[in-house]
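Hi there,

Here is the structure I promised to pass on to you. Have a look at it first, and then read on for what turned up.

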Amino acid sequence: MNDRPARLFSRKHRPTRRTFLAGSASLGVTAMAGCFGDDGDDHPDPITIDDDKDCDHCTMAIGQHPGPVGQAHYANPEDVLDEDRPAQFCSSLCTYTFTFEQEDAGHEPEVSYLTDYSTVDYTVEEGDDGLEISNHLEDEAFADVGGLTLVVDSEVEGAMGSSMIGFTDASEADDFQAEYGGDTYEHEDVTAELVMSLM
């Protein structure tokens, strides 16, 4: 039985030196990409997800569940969704599962986004089945998965149970892991096998 108080964690994260340096490095990479013929604007921006939107993988209402949410943008979304819009998901697990399945079918996303818990004022609370972290649906809450450090399979759950909670500030991911357990992964280390082991 967990004796922690119902409201465990609530804070507004401020940019750190590491965040600033990572942003500067990202700008440098973007500038270099422009030198090689890339217009530097090759990724669509994240969108705000409607509270009652159904997950494109599991069909659960995205805004009705805790935890990180995601979206994937495709160059030809009609080939993936039969609609001209980004795919939207209730959890990191659904985001990764859907994008892995689409990659197997030959549809690589232009960009995938997950909730960035380094930039939101999040809470961790006791839910019906254990600790749950707040969800955030607004466009500014998202970050490209490539820049996230993910805390995987901690005590804190999301919409699908086990969660993959992303932070652009790796030190904040380390702090979260120290508090709630789990393992840290970079995006490039996430495999379909890892995701399936959490389902």
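In this predicted model, strand S2 (residues 70-73) and S3 run antiparallel and are joined by three bridges. If you want a spot to start from, look at Ala 72, which stands opposite Ala 87 in S3.

That pair belongs to an open sheet of four strands, with antiparallel pairing and the order S3-S2-S4-S7. Strand S3 (87-89) and strand S7 (142-144) are at the edges with a single partner strand each, so one side of each has no neighbour in the sheet. From one strand to the next, the twist averages 20°. Helix H3 (residues 92-104) packs on this sheet and touches S2, S3 and strand S4 (111-115). The direction of H3 makes about 165° with that of S4.

Which element gives the largest share of the lining? That is H3, with five residues. By type, the lining residues of the second largest pocket divide into six nonpolar, five polar and four charged.

There is another sheet to look at. Three strands form it, in the order S10-S8-S11, and this sheet is also open, with antiparallel pairing. Strand S10 (164-167) and strand S11 (183-186) are the edge strands, each pairing on one side only. On average, neighbouring strands here are turned by 30° against each other, direction ignored. Strand S8 (residues 149-152) pairs with S10 over four bridges, in the antiparallel sense, and Thr 149 stands opposite Phe 167 in S10. Helix H4 (residues 170-180) lies across S8, S10 and S11, and runs at about 10° to S8.

Finally, a few totals for the protein. It has five helices and 11 strands. Of its 199 residues, 43% are buried. Taking contacts between residues at least 6 apart in sequence, 71% join residues at least 24 apart.

Happy browsing, and do write back with any questions!

Best wishes

Technical notes: Residues numbered from 1 in each chain as written. Predicted model: local features only at pLDDT ≥ 70, side-chain atom pairs only at ≥ 80, totals over all residues. Heavy atoms only, no water. Pairing = 2+ DSSP bridges. Helix = DSSP H or I, 4+ residues; strand = E, 2+ residues; numbered from the N terminus. Axes fitted to C-alpha atoms, helices over the stretch in contact; angles between N-to-C directions. Contact = heavy atoms within 4.5 Å. Nonpolar A, V, L, I, M, F, W, Y, C, P; charged D, E, K, R; others polar. Buried < 20%, exposed > 50% of the residue type's maximum accessible area, 1.4 Å probe, protein only.
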